[in-house]
Amino acid sequence: MDRKSFAAIALCLGLIFLWQGVIVPKYLTPERPPVTTQPSPAATDGAVEPSTTAPATQPAVSSAATVPTIGPDTAPQLTIAASADEEFIVITNTNARYTFTSFGGGLKSVELFQYPETVSRRNKKNPLTNGLATLNDHAKVPVFAILGGDAVQGDGVFALSETREGVRAEKLLTNGLRIIKEFRLGTNYLVSTKVTLENTTRGALTLPAQEWVIGTATPMSADDDGMAVGLMWYDGKKEKDITQGWFENKTLGCFPGVPRSVYREGLSNVVWASVHNQYFTMVTMPKVPAEQIVSRPVELPADLKHNPQQKGFQTALLVPAMTLAANQSVVNEFEVFAGPKEYRTLARIAARFQNNVDLIMGFGGFFGFFSKGLLLGMNWLHSVFHLSYAWSIIAITVIIKILFWPLTAASTRSMKRMAALQPQMKALQEKYKEDPAKLNKKMMEMWKEHKVSPIGGCLPIIIQMPVFIGFFYMIRSAIELRGASWFWVADLSRPDTLFYIPGFDFPFNLLPLIMGATMLWQSHLTPPSPGMDPVQQKMMRYMPLIFLVFLYNFSSGLALYWTVNNLLTILQTKLTKTKDPIIAAPAAASPLTHAPKKKK
């Protein structure tokens, strides 16, 4: 490797330090003031049988006050009478522990037995916990809290009772409105929910617009960077994913802009709506499409569990104002999925309800087809051949490379032949510089004679691009990689940080560095495009190192895939160069060289 290569690597490493150590923390991370909140209630620890109702030891959330009218920028909160004591019912099944609260009469949290809050890792910067992955964690209001003023809220305290299949929350308000919420646990992380609004008076009862909370999206732990935290909803044709970046509204995605305070959309077409982070989600699927979805950023507790720079997103279905006739009841039914973003489970639910809820994986659109196939292939290799997920990634990368081998081999030969024809091409350009039509004709004749194509090097890349992008989305979303280890890599879903450089607090990630080195090696073996300026050739040769800057903190699973793919491409390039006689031995004569005529 020459001095220029070392200089380029040094420059890229410097950019990584600058980006991760200065630009991101100083300019791209919004500041937020510390907040104070009430401690979370203590749930039963490790019990697998249903528990009985127990009074809470913590005081009420707040003193009685008027709840703000639902407006474009106002996030209504649950207001509880100061004298009330919070009660809980905790029930479990094989999948999760569900905690219901009397404050708001809803589902306070869901703890997933099969998924720890943090997974094993060598990096000790953020310590491990013995907690479970929890949905609606640290939320200010429970799932299915009804917000919208005293007419639908009252003092906010419901009577909880345990039923044969779940929990019932009931409340009779002073205006004669009775609210009944029935929750029934099912399989596949489902909770069937029925909410009844009943007018118990002899006259008409007018109710204002309401927000029925479907959950608050929060990061899973201190390891979660919050980039995938947000909400998603489906209108029957297309899914829409709104994350922290939409609310921050940064210019060019980097520089601070005017933050957005509320997201509101829908026109009686909300087939399902969800709150999610990278690997877990809570999806509410109404029996009849809901009117609208509304979401707003909320402050998270400033504790050690979450990064104090991150926010949650309280999301609700908007129910329009209504008038109930005397003794009239309105019943709304929902199915709630609260669990991992695991494709096979979500695909079964999508097939059962015919609602494409598996789109929560982010596998929509053209590239989603490839993501699904690659994920199913990786899981098949893991289950049938008992390969670890790291070796499954390597195996599927090899399989893809073998499938595309003839195409990429033809591309490499074409590029090498084009490079060998550079002198002849320059001679033709000089000879016919005044006649472009003649030049194009001669060029075509020469390419045809030597069996090369000017697009031969680009076409295979274009054809393979959907697979590469599909692999990227698959690795980013596959919960199977969470906690999967391989040699020094402790978690394939996270960077493979071995240690932090003393004095800089900067992570040393080995796999991205290997990936960058193989990309640089590959770029030096790839012939330049015909007619490219020498300066552009040098820029393109070192351009792959820019990827190192932006992918340095991506998941090690993605870095592993890219590294193996680079090594296989290098091997193929060398094999093609050795076996192709046109490449190994350049043409002896130029098409512009003519043999001297014999004298008569």
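How many residues does helix H11 have, and how far does helix H11 reach from its first C-alpha to its last? The points below take up that question and then turn to the rest of the model.

1. Helix H11, residues 510–525, has 16 residues and reaches 23 Å from its first C-alpha to its last, which is close to the 22 Å expected at 1.5 Å a residue. This value, like those that follow, comes from a predicted model. The residues of H11 that count as buried are Leu-511, Pro-512, Met-515, Gly-516, Thr-518, Met-519, Leu-520 and Ser-523.

2. As to the whole, the protein chain contains 15 helices and 23 strands, and 46% of its 600 residues count as buried. Among the contacts in the protein chain with a separation of 6 or more, 67% are made by residues 24 or more positions apart.

3. An open sheet is built from 9 strands in the order E7-E8-E9-E10-E21-E17-E16-E13-E14, with antiparallel pairing. Its edge strands are E7 (159–162) and E14 (239–243), each of which pairs on one side only. Neighbouring strands of this sheet are turned against each other by 15° on average, direction ignored. Helix H4, residues 343–353, packs on the sheet, where it touches strand E10 (190–199), strand E17 (280–286) and strand E21 (329–340), and the direction of H4 makes about 155° with that of E21.

4. The E7 end of that order can be followed residue by residue. Strands E7 and E8 (residues 166–172) run antiparallel and are joined by 4 bridges, and they form a hairpin with 3 residues between them. Within this pair, Ala-159 stands opposite Glu-170 in E8, while Leu-160 stands opposite Ala-169 in E8. Strand E8 is in turn joined to strand E9 (residues 177–185) by 7 bridges, again in the antiparallel sense, with Leu-172 opposite Arg-178 in E9. E8 and E9 also form a hairpin, here with 4 residues between them, and Gly-176 in the turn has a positive phi of about 95°.

5. Another open sheet has 5 strands in the order E6-E12-E19-E18-E15, and its pairing is antiparallel. Strand E6 (146–147) and strand E15 (263–265) stand at its edges with a single partner strand each, so one side of each is left without a neighbour in the sheet. Inside that order, strand E18 (residues 292–299) pairs with strand E19 (residues 311–319) in the antiparallel sense over 8 bridges, and Gln-292 stands opposite Leu-318 in E19.

6. Strand E2, residues 87–92, is mostly covered, since 5 of its 6 residues are buried. A hairpin through 3 residues joins E2 to E3, and E2 pairs with strand E3 (residues 96–101) in the antiparallel sense over 5 bridges. The bridge partner of Ile-91 in E3 is Tyr-98, a residue that returns in the next point.

7. The largest nonpolar core has 101 residues, of which Tyr-98, Val-110, Leu-197, Trp-272, Phe-280 and Phe-471 touch the most other members. Apart from this core lies another, of 11 residues, including Val-141, Ala-145, Val-213 and Val-294. In soluble globular proteins, nonpolar side chains tend to be buried together. Leaving aside neighbours within four places in sequence, Val-110 is in contact with Ala-96, Arg-97, Tyr-98, Ala-133, Thr-134, Leu-135, Met-282 and Ala-338.

8. Helix H7, residues 405–420, has 16 residues and reaches 22 Å from its first C-alpha to its last, close to the 22 Å expected at 1.5 Å a residue.

9. What angle do H7 and helix H8 make where they pack? H7 and H8 (residues 422–431) pack at an angle of about 55°, with their axes 5 Å apart, which means that H7 is oblique to H8. The contact is made by Met-418, Ala-419 and Ala-420 of H7 together with Gln-422, Pro-423, Gln-424 and Met-425 of H8.

Conventions:
Residues numbered from 1 in each chain as written. Predicted model: local features only at pLDDT ≥ 70, side-chain atom pairs only at ≥ 80, totals over all residues. Heavy atoms only, no water. Pairing = 2+ DSSP bridges. Helix = DSSP H or I, 4+ residues; strand = E, 2+ residues; numbered from the N terminus. Expected span 1.5 Å × (residues − 1). Core = buried A, V, L, I, M, F, W, Y, C linked by side-chain atoms within 4.5 Å. Buried < 20%, exposed > 50% of the residue type's maximum accessible area, 1.4 Å probe, protein only. Contact = heavy atoms within 4.5 Å. Axes fitted to C-alpha atoms, helices over the stretch in contact; angles between N-to-C directions. Parallel < 35°, antiparallel > 145°, perpendicular 65-115°, else oblique.
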